[in-house]
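Thank you for asking for a note on this structure. I have set my remarks out as numbered points, for someone who is looking at it for the first time.

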Amino acid sequence: MNPFLYSINATLPIFLIILLGKILQKMGILTEGFTKSADSFVFYVALPVLLFQDLTVVSPGKGMNISFLFFCFFATLIFILVVWVGTELLMKKEEEKGAFIQASYRSSAALLGMAFIHNMYGNAGSSSFMILGAVPLFNIFAVIILTLKGKGDETPNIKGTLKQIATNPILIAIVLGLIFSFLPFHLPVFAQKGLTMIGNTATPLALLSIGASFQGTAAIQKIKPTLLATLIKLVGISAVCMPIAILLGFRNQELVATLIMCASPTTVSSYIMAAKTNNDKVLTASTIVLTTLLSSVTLTLWIFFLKTQNFI
């Protein structure tokens, strides 16, 4: 499929569902009570199930590309820390820091990675190793950062913070998913299908909730951090990581997986986590909407460049 058409097909439905959520909210169909319940369901049930499944599809012992997996791990670790430190040093509004950091680095790697590569190459291939190397770090740091920043200027309670981190359903799902990925057997088919049905509700419910909760006036007031987070997410990180991946000799599926890891739009689950940890959900929602809207252009330009240079 034409890269531009694929990008449009991947991102436009997300934007349209967000718009539908706002329309249904204006019609009185989606109430504030619904969005709160939906946020809780996605955070405690659907999203953990989705992440568990994303990790269990990886078979670490079979044909693992160790060098690429370690590249994804360390690249992700470094750019998260750079964004975090830079935000702490340069951003003045403490209440926006947690949401800004998460929205700037956290990609839709698990949701888009396999589909994107499968569409281009006929199999999921290296996206599995990218997910194993990057997605746990995305979520672990999101939990830590949002937990620490969720109380604004208050001094965090270390014991309470550690308890929140240890009992976070996202991290529990990641740990269980990694354990299961190393086991020599799979869940029964009926269990896999049941989990798939639950996990499939995470994205549409989160999108509808974003649309219903989106505050246009408030979002305009946060346009500067939204634009900066979008620039970092879609251009900044990939502008550093992609040349390094090329110099290290990665090509084809590995480069596309790296691109998804670095330059795909801010994941929808960021909104749920920001909302449930008392961080700035307006800034998060604004960044999700803008990165989703613009990623069809930026991803297409990246793919066009890689293709013309015979890297993919």
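The points below go from the chain as a whole to particular helices, loops and residue pairs.

1. Please keep in mind throughout that this is a predicted model. The secondary structure of the chain consists of 15 helices and 0 strands, and of its 312 residues 53% are buried. Among contacts with a separation of 6 or more, 85% are between residues 24 or more positions apart. The accessible surface of the chain is about 14300 Å², and carbon and sulfur atoms contribute 70% of that area.

2. On the surface, one nonpolar patch deserves a look: Leu12, Leu16, Leu19, Leu20, Ile23, Met27 and Ile29 form it, and together they have about 650 Å² of accessible area. One of these residues, Ile23, belongs to helix α1, which covers residues 3-26. Ile23 counts as partly exposed, because its relative accessibility is 41%, a value that falls between the limits of 20% for buried and 50% for exposed.

3. Helix α14 has a contrasting setting, which can be stated in terms of its residues: 6 of its 8 residues are buried, so the helix is largely enclosed by the rest of the structure. The buried residues are Ser269, Ser270, Tyr271, Ile272, Met273 and Ala274. Just after α14, the backbone at Asn278 takes a positive phi of about 60°.

4. Asn279 sits in the loop that runs between α14 (269-276) and α15 (281-308). Is Asn279 buried or exposed? With a relative accessibility of 9%, Asn279 counts as buried. Leaving aside residues up to four places away in sequence, Asn279 touches Gly98, Ala99, Leu146, Lys149, Gly150 and Ala274. For Leu146 there is a further detail, in that a polar atom of the Asn279 side chain lies 2.9 Å from the backbone oxygen of Leu146.

5. How many salt bridges does a search of the whole structure find? The search finds 7. Side chains of opposite charge can pair when their charged atoms come close. Another pair of this kind is Lys149 with Glu94, whose side chains meet at 3.0 Å, N to O. Lys149 lies in helix α6 (residues 127-149) and Glu94 in helix α4 (residues 94-105), so this pair ties together parts that are 55 residues apart in sequence. Lys149 is buried at 12% relative accessibility, and Glu94 is buried at 19%. The two residues also belong to a network of salt bridges that links Glu88, Glu94, Lys97 and Lys149.

6. The salt bridge between Lys36 and Glu32 has its closest N and O atoms 3.4 Å apart. These two residues are 4 residues apart in helix α2 (residues 32-56), which means that about one helical turn separates them. Lys36 and Glu32 are both exposed, whereas Lys149 and Glu94 are buried.

7. Finally, the cysteines call for a careful reading. A disulfide is a covalent bond between the sulfur atoms of two cysteines. A search of the whole structure finds 0 disulfides. Cys72 is buried at 0% relative accessibility, and Cys241 is buried with a relative accessible area of 7%.

Notes
Residues are numbered from 1 along each chain as its sequence is written. This is a predicted model: local features need pLDDT of at least 70, side-chain atom pairs count only at pLDDT 80 or more; totals for chains, interfaces and linings use all residues. Side-chain values use heavy atoms; hydrogens and water are left out. Buried means under 20% relative accessible area, exposed over 50%, partly exposed in between (1.4 Å probe, protein chains only). A polar contact is a pair of N or O atoms within 3.5 Å; within protein, one must be able to donate a hydrogen and the other to accept it, and residues adjacent in sequence count only if both atoms are side-chain atoms. Contact means heavy atoms within 4.5 Å. A disulfide is a pair of cysteine sulfur atoms within 2.5 Å. Patches are made of residues with over 30% relative accessible area and no salt bridge: like charges are joined within 9 Å, nonpolar side chains (Val, Leu, Ile, Met, Phe, Trp, Tyr) within 5 Å. Accessible areas come from the Shrake-Rupley method with a 1.4 Å probe; for residues, only the protein chains shown count as cover. A salt bridge is a side-chain nitrogen of Lys or Arg within 4 Å of a carboxyl oxygen of Asp or Glu.
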